[in-house]
Amino acid sequence: MSPFDCDKLCKRDNLLYRELEDESVVFDPEANTVHSLNITATVVWNNCDGKQDLQDITEKILDKFDVPQENATEDVKKIINNFRELRLLKK
Amino acid sequence: MRWMKQYGRGDNFCGYYRLLHETFRIESNIERFREEFENLYPCNNSGKIGDITESYFVWEEEGDDTSELIYSVYQNNRILYKTVDPLRLLPFLEWHLNNTTLAKLDNYLQVHAGVIAKNGKGIILPASTEGGKTTLIIGLMMRGFKYLSDEVALIDPRTHNIFSFPKNLCLKEGAFNLFDPLRIGIQSKEYYVRSSKGRVCFINPERITPNAIGCPCEVAFLIFPHYNPSNPLELKKISKSEAVLNMAKRLLNLPYFQGEWLDILVELAKKAECYNISVNNLPDTVELISHLVEER
């Protein structure tokens, strides 16, 4: 477990977000970039509400999708890392 | 020896030409230029002051230091363009007229894309500059599709309908020989030179098919062509969020719309079927898209 895994995850305030069917798009006006989120990333994004950490969000994924815990944890880690790299989350 | 058109000074002429709702006044001392321009733009013989969007002077003159002829485009006594190659004049003016007209259409969301329609169903084909948009559009027009644009999709932000920007189609040299029935290309001596694209020819859409221009319509398909001759032809459904992302990358007037553009693209994607198409040859691609549109 990395020290980051216990952090409460929270999306930045000034982003534009729209859902399309089960997926979504996020526009970052500061970087002037658009990101497309697949169904899993959309669930993760919606749970980055400042109250949940990686483990809480993994539970949400397990509730919603029929996947082994190991895969869910790996997927959520990857997605959170992507969000961090793209600076879409609050520090 | 390099082949050149027979340019030369004639009587000065002045004409008024239309592109969508804009009227352009062109004055020139190059007789050949008039013929070429009138093949591409609807002309009337008078223009009312106040209705004229821009006035241009297209002039052949002798250079100061050499006997070489200089070709210049002026606007309001300001020089816009100067060249020793007359084949570059028309591409420059065509580009300038398109940009001037598009600047007046900032109330539409503008996406870099080709646009066609069939039976009231609009198809947007967003692609990069070298993506083969014009080639594909000419192929589809010869198959009965209506022309809206080979360069810019104009999207009404309120209804999300698509409007035509029926500029002349600009075909690059590599595709000249694909359309034998149109008799275009080097042999017909119709080519010009555009700085960014090399040899090009311009085709009035009415030359491809009568009543070529389509009416405003709903968008039924967003199809993203990717030209790659070594890949098989393949039409693959993509998610609507991916379609929005790919459309957003090709927005031309994003600052005008601030955040509203995202809602427009999302609504557009919700109504449309979204595909990537890997293009390796024209006839089969035209067949595949025709079949897809006619099936819906």
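The model is predicted, so local features need pLDDT of at least 70 and side-chain atom pairs pLDDT 80 or more, while totals for chains, interfaces and linings use all residues. Residues are numbered from 1 along each chain as its sequence is written, and side-chain values use heavy atoms, without hydrogens and water.

The contact (heavy atoms within 4.5 Å) takes in 15 residues of chain B and 14 residues of chain A. Together the two chains bury about 1100 Å², 74% of it on carbon and sulfur atoms; buried area is the accessible area (1.4 Å probe) that two parts lose on being put together, summed over both. On the chain B side, B:S241, B:L245 and B:L262 lose the most area to chain A, together 42% of what that side buries.

One salt bridge is counted between the chains, a salt bridge being a side-chain nitrogen of Lys or Arg within 4 Å of a carboxyl oxygen of Asp or Glu. Its partners are B:D263 and A:R18, with the closest N and O atoms 2.3 Å apart.

Over all chains, the structure holds 16 salt bridges. In one of them, B:D150 pairs with B:K167 at 2.8 Å, N to O. Both residues are buried (under 20% relative accessible area, with exposed over 50% and partly exposed in between; 1.4 Å probe, protein chains only): B:D150 has a relative accessibility of 0% and B:K167 one of 4%. In another, B:R199 meets B:E173 at 3.1 Å. Here B:R199 is partly exposed at 33%, and B:E173 is partly exposed at 36%.

How values were computed: Chains are lettered from A and ligands numbered from 1 in the order in which they are written.
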